[in-house]
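Here are my notes for your review. Please read them with the model open beside you.

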Amino acid sequence: MFQMTAKVTTKLLGFAAFTIMVQYLGVNGYGRYSYITTFVSFFAMFSDMGLNSNLFKDVSKRRETAPVQLGMTLMLEGLLLPLVWTLIAAAAWILEPDGVLRLFILFAALGTLTRVFSQSLFQVFNGWERFRLTAFLDI
């Protein structure tokens, strides 16, 4: 029940924010926004490499190993994230001639990539079946 409420609330807030953003940015501004998010999302898939799925699987099987599993996952993600961000920066430098868009790509990459850490915590809570916590954090 808590997760359903959180998902519905998140979707409604996202729809409202999206509608306001499109009206504010206009056609040209929203095109740039879409380009930036697509560019970053293409590379963001390399920031997890399946670590969170394994974390969920291991924690749900053996709860007592959660601190060790979470620590190892965060350490590996901490090593992966600078590499992925460097890959995004290099691709943006090569493919994007507009310096302002390149800067926005780099800032968007920081925000997107740091979400990987929160996803690791979500997986631990889901493995422990603490759905109230994940529902609260999801909003």
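1. **An exposed loop residue.** M49 is exposed, with a relative accessible area of 53%. (Exposed means over 50% relative accessible area, buried under 20%, and partly exposed in between, using a 1.4 Å probe and protein chains only.) M49 sits in the loop between α1 (2-44) and α2. Its phi is near 55 degrees, a positive value in a residue other than glycine.

2. **Basis of the model.** This is a predicted model, in which local features need pLDDT of at least 70 and side-chain atom pairs count only at pLDDT 80 or more, while totals for chains, interfaces and linings use all residues. Residues are numbered from 1 along each chain as its sequence is written, and side-chain values use heavy atoms, with hydrogens and water left out.

3. **Overall make-up.** The chain has five helices and zero strands. Its pattern along the sequence is α-α-α-α-α. Helices here are DSSP runs of H or I with at least four residues, strands are runs of E with at least two, and numbering starts from the N terminus.

4. **Burial and surface.** Of the chain's 139 residues, 29% count as buried. The exposed surface comes to about 9200 Å², and carbon and sulfur atoms supply 72% of it. These areas come from the Shrake-Rupley method with a 1.4 Å probe; for residues, only the protein chains shown count as cover.

5. **Contacts across the sequence.** Take the contacts between residues at least 6 apart in sequence: 75% of them join residues at least 24 apart. Contact means heavy atoms within 4.5 Å.

6. **The α2/α3 pair.** Helix α2 (residues 51-61) packs with helix α3 (residues 66-95) at an angle of about 175 degrees, and their axes are 10 Å apart. That makes α2 roughly antiparallel to α3. (Angles over 145 degrees count as roughly antiparallel, under 35 as roughly parallel, 65 to 115 as roughly perpendicular, and the rest as oblique.) From α2, the contact uses L51, N52, L55, D58 and V59; from α3, it uses A66, Q69, L70, T73, L76, E77 and L80. By class, this contact has seven nonpolar, three polar and two charged residues. Axes are lines fitted to C-alpha atoms, for helices over the stretch in contact, and angles run from 0 to 180 degrees between N-to-C directions.

7. **Aromatic pairs.** How many aromatic pairs does the structure hold? There are five. F18 and Y30 form an edge-to-face pair, with 5.6 Å centre to centre and 80 degrees between the planes. F18 is partly exposed at 38% relative accessible area, and Y30 is partly exposed at 26%. Y35, F39, F42 and F43 form one aromatic cluster. (Rings of Phe, Tyr and Trp, the last by its six-membered ring, pair if their centres lie within 6.5 Å; planes under 30 degrees apart are stacked, over 60 edge-to-face, and the rest tilted.)

8. **L113.** This residue belongs to helix α4 (residues 99-127). L113 is buried, with a relative accessible area of 3%. Neighbours within four places in sequence aside, L113 is in contact with A44, S47, L81, V84, W85 and I88. L113 and F46 are 67 residues apart in sequence and 9.6 Å apart in space, C-alpha to C-alpha.

9. **I36.** Helix α1 holds I36. I36 counts as buried, at 10% relative accessibility. Beyond its neighbours within four places in sequence, I36 is in contact with L101, F104, I105 and A108.

Methods
Ala, Val, Leu, Ile, Met, Phe, Trp, Tyr, Cys and Pro count as nonpolar, Asp, Glu, Lys and Arg as charged, and the others, Gly among them, as polar.
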